[in-house]
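These are my notebook entries on one protein model. I record what I looked up, topic by topic.

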Amino acid sequence: MNLSQHLNNRQLEAASAIEGPLLIIAGAGSGKTKMITYRMAHMLEQGILQSQILALTFTNKAAKEMADRVRAATGKRLTSLTVSTFHAFGVKVLRDKGRLLGYHDNFSIYDQVDRGELIREVARELAIPRETLDISKVGNLFSGIKGERRAWGEEAKQYTALFNEYQAHLKAYNAVDFDDLILLPIRIFEEHPAALEEYRERFHYVMVDEFQDTSLAQYKLVRLLGETHRNLCVVGDDDQSIYSWRGANYQNIVSFERDFPERREIKLEQNYRSTKQILQAANSLIAHNKDRKQKELWTGIEGGKAIELFFPENEVEEARFIAEMIRASMLRERLTYDDFGILVRTNGLTSAIEEALLAENIPYRISGGTSFFQRKEVKDVISYLRVLANPDDDVNLLRVINTPRRGLGRRFLETMRELADRKSCSLYTALSAARYAADSPLSAKSVAEVGDFLSMLDHYRERLLSRGRMAESVKSLVDTLDYWGFLVAEYQKNEKVARWKFGNITRFIEMIERWERDPDTEDPSLFSFLNRITLITRDDDADDDERGKVNLMTIHAAKGLEFEMVFVAGVEENIIPHLRAVEEGNTEEERRLFYVAITRAKQKLYLTACRKRKLLRDWIEASPSPFLQELPEGLVEQHIPPKEVDAEEAKDYFAALKARLR
DNA sequence: CGTCTCCAGGTTTTT
DNA sequence: CCTGGAGACG
């Protein structure tokens, strides 16, 4: 393979530096993925074994894309190359070595919904009044503490007892939360040097993509693995760090420089994606951030068109404008649907746009929002599977014990929880005991119901844990539960909804079947299936029929993607930058977010800022985003409809914008 | 004792 | 607009 044929000098330098620590600062659109692909292909060509390489990414999509591209470049089957997200890697380590910390390999993984339910449950046990507890806030606090990005401050201290109980419950349920997937591997490696040694021996070459999005804990994990052989390559762009709320800390770039002083540093600054106009706008915007590594992105792409800024009356107008613009440009510019990206700050902003696209008959795909696996009906089935895999998982047992209804209600559960607390055992154990106990505190009717429930679980546990034909067993389970009858009863007024929901379950079962039959699935067991789907948010299974559609998504979801034509909707104060972020003092991150949005565009960028917008129930006046002032004058063509000019003029900001236009 | 119905409250980004 | 909790009914 001749690298210099495909890569520019900087890229070539990065791709050929295999030994020793390497820091690559890769600007937006600088051919990062290409460089990584060739770097990996080059490594394999140099005789490095697939099994010696560990590549860590942030999203499943990125992992899949990287593997696909390396496969395409080398033409090899990648049987033992590890390309995985941090969390998926954590699962692997935990399944491999979790026993060292007392975990069984059927552990459950809790997402933040489960986490919230567990916190609620623990708070109930500790008799903490519900109204004093903001579940999601406490959940974030716990996550922050576990990820070492928050300390036990004054206001946090009041939750110490709750936290300790939360942790104890997780352990008792043989469950881990997302933070544990990083933390527990670190603990395993710190407490069991032999395990660490084994992993260091195995992975001689470690690579991290989107390094600016790693958390402190993730960096610690990577450092542990790479400390001895020091073949650690990290690739990132501090200007695209947009996940600080989830613990991402681009200061890790500085830490890396400190921990690996002999590192080489390479900057990729040539942009192959966007026109001069777009790149200039992006550069000038991001220059307003104080805290960044100096770099100057440049492009050779000439002949670009102006960025255009429109001010629709409200979000319905905005959506219609975008839909019409797409229709018109398809003909004019000879573009196809998938050349368009519509980016928004929050998921809530997609609905008006969806409606307009539907009305215009424009096929679209939407990513983000509640994922397929979070839908209630799917989650119900998954909860059953989790309980079958791990009966001590109280959170999931609670979710299914009365769904569909079997007359085991609030009072019954209170009795059972009391019993479980008293014997300090799991609910499942308490149920099993109550079923046969002579002095059972339950009514005969409840005992009979519990008996049926447990027998049913036993039956399906046996079926699902023995190898093979999972999909069939799940289908049978759904039939036995009469979930269809349950849905019909639940949505009497709306049979369509019931049918749609059942359709989702059918789809879910088909997914199991496909996964089960896929020869690439290493371990087609219930455990590995459950672990896998917890870590999938987007429905990445459905990528075949998604071609030829307009892409509607949040800016976060758009990172790493590019489109010929990009619309950024809702470029308004309190949205970009988001009000909550500004309150928390994260304006710089919001600027980076806008930077990411702008740099997705190859040829043409449209920005829209509504005059009015419906918030909750009422209409509010909206103002254009202050970031618009940071774009260079003359680059942005502004379209203010003449009739609108007087009424809003009172808004001084708007007047300022208008003045600049003339 | 369990279920149904109505009402209030709340929406940043996601592995 | 959807969810979770409180109170009425069966």
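A residue counts as buried when its relative accessible area is under 20%, and as exposed when that area is over 50%. The model I am reading is predicted.

Entry 1, aromatic rings. I looked up the aromatic pairs and found a count of 23. One of them joins Phe 594 and Phe 627, a stacked pair with 6.1 Å from centre to centre and 15° between the planes. This pair links distant parts of the chain, 33 residues apart: Phe 594 belongs to helix H28 (residues 587–598), while Phe 627 lies in the loop between strand S18 (618–621) and strand S19 (636–639). I noted that Phe 594 and Phe 627 are both buried. I also found one aromatic cluster made of Phe 372, Phe 373, Phe 508, Trp 515 and Phe 529.

The charged end of Lys 171 sits over the ring of Tyr 103, 5.0 Å from the ring centre. Lys 604 places its charged end over the ring of Tyr 606, 5.0 Å from the centre of that ring.

Most residues other than glycine have a negative phi, and most peptide bonds are trans. I therefore listed the exceptions that I came across. The peptide bond from Thr 403 to Pro 404 is cis, with omega near -10°, and Pro 404 is in the loop between helix H18 (394–400) and helix H19 (410–422). Ile 576 and Pro 577 are also joined by a cis peptide bond, with omega about 0°. Phi is positive at Asn 361, near 60°, and at Ser 424, near 35°. Asn 361 counts as exposed because its relative accessible area is 63%; Ser 424 counts as exposed because its relative accessibility is 66%.

Cys 233 counts as buried because its relative accessibility is 1%, whereas Cys 425, at 24%, counts as partly exposed.

Notes
Residues numbered from 1 in each chain as written. Chains lettered and ligands numbered in written order. Predicted model: local features only at pLDDT ≥ 70, side-chain atom pairs only at ≥ 80, totals over all residues. Heavy atoms only, no water. Buried < 20%, exposed > 50% of the residue type's maximum accessible area, 1.4 Å probe, protein only. Phe/Tyr/Trp six-rings, centres within 6.5 Å; stacked < 30°, edge-to-face > 60°. Helix = DSSP H or I, 4+ residues; strand = E, 2+ residues; numbered from the N terminus. Lys NZ or Arg CZ within 6 Å of the ring centre and 35° of its normal.
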